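Trainee: Could we look at a protein together, one step at a time?
Mentor: Gladly, here it is.

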Amino acid sequence: MDTKVSLSGLTLSNPVIPASGTFGYGREFAELYDINCLGSFAFKGTTLSPRFGNPQPRIAECCGGMLNAVGLQNPGIDHVIAHELQEIKTYFQKPVIANVSGFSIDEYVACCSKLDDCDNVGIIEVNISCPNVHNGGMSFGTQPESASEVTRAVKSVTKKPVYMKLSPNVTDIVSIARACESAGADGISMINTLMGMRIDLKTRCPVLANTTGGLSGPAVFPVALRMVYQVYEAVDIPIIGMGGVSSAGDVIEMMLAGASAVGMGAANLKDPFACKKAVEALPEAMEKYEINSLKDIIGGAHRG
């Protein structure tokens, strides 16, 4: 069984990638199992300056998933490069995916420029889709013009493959994906979380201090699958598909929709071994569905 896949010249031993914001920098998971079994992982979303994130409470459970409004808490790009990326080398021997966000195009450019010389960064994932911060993040990913502008700007300062992470909180995600491709994006990551909220029946107030948060978990899988399917038909660059993926079967389904690799997010918060289990279950699932090579099934649902 051949589980290898390729992303913009980067060969992964398998398509399973823990999604940004659900795996930290991999350190805690590396204490539980050898994370080198993963295809890669996307580390925690990074901004130019340190951020303390949103006030508490910023996590809420809901049927079929969870809401989060963490707000991109991180130590800033300089600390990540000087410390986190160096530590990652001690327990993960593969290239990682660097997830960056910004509150202006200049901030995106600065982060990507600084990461260009980092030898263990294989792909830069540019987050233009975070729904949990004000005056930034998702505001760049809701219109084709602004998505294109960010893409073009970051591509001008890095030689590394750039994957634009798209928001599902839009009317037409296809037009935004096309705009990113036209501006030079090497790939697409999708989807980020869907906006949602919960209200406490006793206090009659929103559960989250931020009022709204990003919905993730199994409830969003059909939406993510539909969007990956639509974007695959519209662009000719690879897609990292994510959104509610929690099993090897989900990984295969996402690849049939058009994903070249698959991110697993909220599943890691429920079970820290979720990605390991998915990787280990892939060969059996491939045998069950008569799949010899995962590369052969990418976009398979479009071929009738």
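The questions below go through the sheet, a helix pair and the pockets.

Mentor: Before we start, this is a predicted model, where local features need pLDDT of at least 70, side-chain atom pairs count only at pLDDT 80 or more, and totals for chains, interfaces and linings use all residues. Residues are numbered from 1 along each chain as its sequence is written, and side-chain values use heavy atoms, leaving out hydrogens and water.

Trainee: What is the bridge partner of methionine 66 in strand 11?
Mentor: Strand 5 and strand 11 run antiparallel and are joined by three bridges. In strand 11, the partner of methionine 66 is serine 216.

Trainee: At what angle do helix 3 and helix 4 pack?
Mentor: Helices are DSSP runs of H or I with at least four residues. Axes are lines fitted to C-alpha atoms, for helices over the stretch in contact, and angles run from 0 to 180 degrees between N-to-C directions. For helix 3 (residues 105–115) and helix 4 (residues 144–155), the axes are 9 Å apart and the angle is about 35 degrees.

Trainee: How much space lies in the largest pocket?
Mentor: On a 1 Å grid over the protein atoms alone, a pocket is an open set of points where a 1.4 Å probe fits, with protein on both sides within 12 Å along at least five of seven lines; lining residues have an atom within 4 Å of a point. Grid points are joined across faces, edges and corners, and a volume is the space filled by probe spheres set on the points. The largest pocket has 35 lining residues, with Ser20, Gly21, Thr22, Asn68 and Thr193 nearest its centre. Its space comes to about 650 Å³.

Trainee: Which helix gives the most to the lining of the second largest pocket?
Mentor: This pocket holds about 260 Å³ and is lined by 14 residues, including Ala266 and Lys270. The most, four residues, comes from helix 8.

Key. Helices (H or I, at least four residues) and strands (E, at least two) are DSSP runs, numbered from the N terminus. Two strands pair if DSSP finds at least two bridges between them.
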